Amino acid sequence: MRPLEIAIAGCGVAGLASAALLTRQGARVVIFDKLETPKPIGSGIIMQPVGLHVLDAIGAGEAMRALGAPITRLYGQSAPRGNVVLDVRYDARGKHAPSGLGVHRGALFQVLFDAARALGVPVESGRDVVGVSDGRLRFADGAESAKFDLVIDALGARSPLSHAAKAPLPFGALWASLKWVDGFDGAALEQRYEAARKMTGVMPIGRLAGETQDQAAFFWSLKHTDRAAWQAGDLEAWKHEVRALWPKTAPLLDQIHRHEDLVFAAYAHRTLREPLSRECVHVGDSWHCTSPQLGQGANMALLDAYALAAALRSQSDLSIALGEYARLRLWHIRLYQSASFLFTPAYQSEAAIAAWLRDWIMSPISRVPPAPAVLAALVAGELGAPLAAIAGIDRQ
Ligand SMILES: Cc1cc2nc3c(=O)[nH]c(=O)nc-3n(C[C@H](O)[C@H](O)[C@H](O)COP(=O)(O)OP(=O)(O)OC[C@H]3O[C@@H](n4cnc5c(N)ncnc54)[C@H](O)[C@@H]3O)c2cc1C
């Protein structure tokens, strides 16, 4: 049978993972990205056990583990009382249950890019996608691609091939990758809060390929409407505010010299009813995006790619296979999008009631069994058993 000819729009997590998996099973794939040199933007990310499973299937898991830093715990204290309001331990699912892995976004991109290139996947850069029709991508310069059997939209949260997200969520965050300093837990994402108005966090993210310096991801919650004022404001006054919330951050803040040393990330929440548009199939943030509070976006993108490859392997009829892909992912995506939507205001909101509910209702309940194991499974990406569903299709 003739191999499937597939165009993938977007050279990010979802696009590269789809390209590697589909090429491995015999498809002919081309990736298109608007950047001249595709590269990741932002700082650190937690690879959850489900995401690591997909990286293993791609053959990039070992390379990722060699660069990342194991994360065994998510831990948060609220100021000024110092009460613990977040304490999720991955081993609450079982003593030998796999942990998360803190990674630099650049390291994740690199291992996926290397895997795709090792399989000979061509990447057409400088291709700004603006539309799709009849199996062809349309570019901003008026050119069109060749015709493909299938077009995959992996263009991320602002994909022009997907419905626009509603207004951005009120809070985003400033991020920086800094040199790791002693004094923080080397196996935890640690956070400090003042109500839900202020939040800062530090997480080990290992190192970039070819480097020896271990790094930390640092973030500070900021409303997108306050971004311009922050940008125009005094950096030292801002550092003073951060140190007042969490004094231990001082040696990290010493590494920040200009506003430009921090990147602002705005978040949006959007879920398409299903991943199939008339002209293409969506994977990753172009289908569903949300705040990174639950740390799932890249993992969900990897799961989408994994499910799409499994569905296309199991069915020779393209439209049946795409329906199968939607079925494999819908339930898990709805569950996590809802959880993220519910949890985000507890950490990023100006409503005093949100922090009160977090500190006095959610936090005490989270300590009563079976809540610790359920929360650990939620964070690990395992609620709804997404991998079992995908494995099931291969057994049919
Ligand atoms: C600050 C922050 C922290 C996060 N933390 C976590 C975390 O801890 N764990 C986690 O799992 N997830 C996290 N996420 C979410 C995660 O980064 C995303 O869900 C994931 O990157 C989505 O992958 P994607 O491939 O769908 O999109 P992207 O990675 O955004 O890739 C999209 C690609 O498409 C290209 N592109 C875009 N538009 C066009 C166009 N018009 N034409 C051509 N090319 C185009 C871009 O250049 C890019 O290469 C975080 C997100 C943010 C913003």
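Student: Where is Trp 230 found?
Tutor: This is a predicted model. In it, Trp 230 is found in helix α5, residues 227-232.

Student: Why is Trp 230 called partly exposed?
Tutor: Count the C-beta neighbours inside 10 Å: Trp 230 has 17. Buried needs 20 or more, and exposed needs 12 or fewer. The value 17 lies in between, so Trp 230 counts as partly exposed.

Student: Which residues is Trp 230 in contact with, leaving aside its neighbours within four places in sequence?
Tutor: Leu 222 and Trp 238. Contact here calls for C-beta atoms within 7 Å.

Student: What makes Ala 377 buried?
Tutor: Ala 377 has 20 other C-beta atoms within 10 Å. The cut-off is 20 or more, so Ala 377 is buried.

Student: Where is Ala 377, and what is it in contact with, leaving aside neighbours within four places in sequence?
Tutor: Ala 377 sits in helix α11. Its contacts are Arg 93, Glu 382 and Leu 383.

Student: Which residues of α11 are buried, and what covers them?
Tutor: In α11, residues 371-379, the buried ones are Leu 375, Ala 376, Ala 377 and Val 379. Their cover includes β5, β6 and α10. After α11 comes Gly 381, with a positive phi near 85 degrees.

Student: How do you know that β5 and β6 pair?
Tutor: Two strands pair if there are at least two bridges between them. Strands β5 (residues 73-79) and β6 (residues 83-89) have 6 bridges, so they pair, in the antiparallel sense. Ser 78, for one, stands opposite Asn 83 in β6.

Student: What lies between the two strands of that hairpin?
Tutor: There are 3 residues between β5 and β6, and Gly 82 of this hairpin takes a positive phi near 75 degrees. Pro 80 is also in the loop between β5 and β6.

Student: In what sense do β5 and β13 pair, parallel or antiparallel?
Tutor: Parallel, over 7 bridges, with β13 covering residues 188-194. In β13, Glu 190 is the bridge partner of Tyr 75.

Student: What makes the peptide bond between Ala 79 and Pro 80 worth a look?
Tutor: That bond is cis, with omega about 5 degrees. Most peptide bonds are trans. The bond from Pro 369 to Pro 370 is cis too, with omega near 5 degrees. Pro 370 lies in the loop between α10 and α11.

Student: Why is the phi of Ala 195 pointed out?
Tutor: Most residues other than glycine have a negative phi. Ala 195 is not a glycine, yet its phi is positive, about 45 degrees. Ala 195 lies in the loop between β13 and β14.

Student: Where else does a residue other than glycine have a positive phi?
Tutor: At Ala 385, where phi is near 45 degrees. Its place is the loop between α11 and α12.

Student: Why do Ala 195 and Ala 385 count as partly exposed?
Tutor: Ala 195 has 18 other C-beta atoms within 10 Å. Ala 385 has 14.

Student: What makes up the shell around the ligand?
Tutor: The residues divide into 18 nonpolar, 11 polar and 5 charged. Of the 34 residues, Gly 10, Gly 12, Gly 156, Gly 284 and Gly 297 come nearest. The elements giving two or more residues are α1, β3, β12 and α8. The largest share, 4 residues, is from α8.

Student: Which residues have the most contacts inside the largest nonpolar core?
Tutor: Ala 9, Ala 17, Leu 108, Leu 112, Ala 305 and Tyr 306, in a core of 112 residues. Its largest share, 13 residues, comes from α8.

Student: How do you know that the chain agrees with a compact globule?
Tutor: For 396 residues, such a globule would have a radius of gyration near 21 Å. The protein chain has 21 Å, so the value agrees.

Definitions and conventions: Residues are numbered from 1 along each chain as its sequence is written. This is a predicted model: local features need pLDDT of at least 70, side-chain atom pairs count only at pLDDT 80 or more; totals for chains, interfaces and linings use all residues. Two residues are in contact if their C-beta atoms, placed from the backbone, lie within 7 Å. A residue is near a molecule or strand if its C-beta atom, placed from the backbone, lies within 6 Å of it. Ala, Val, Leu, Ile, Met, Phe, Trp, Tyr, Cys and Pro count as nonpolar, Asp, Glu, Lys and Arg as charged, and the others, Gly among them, as polar. The radius of gyration is taken over C-alpha atoms; the globule rule is 2.2 Å times the number of residues to the power 0.38. A nonpolar core is a set of buried Ala, Val, Leu, Ile, Met, Phe, Trp, Tyr and Cys residues joined through C-beta atoms within 7 Å.
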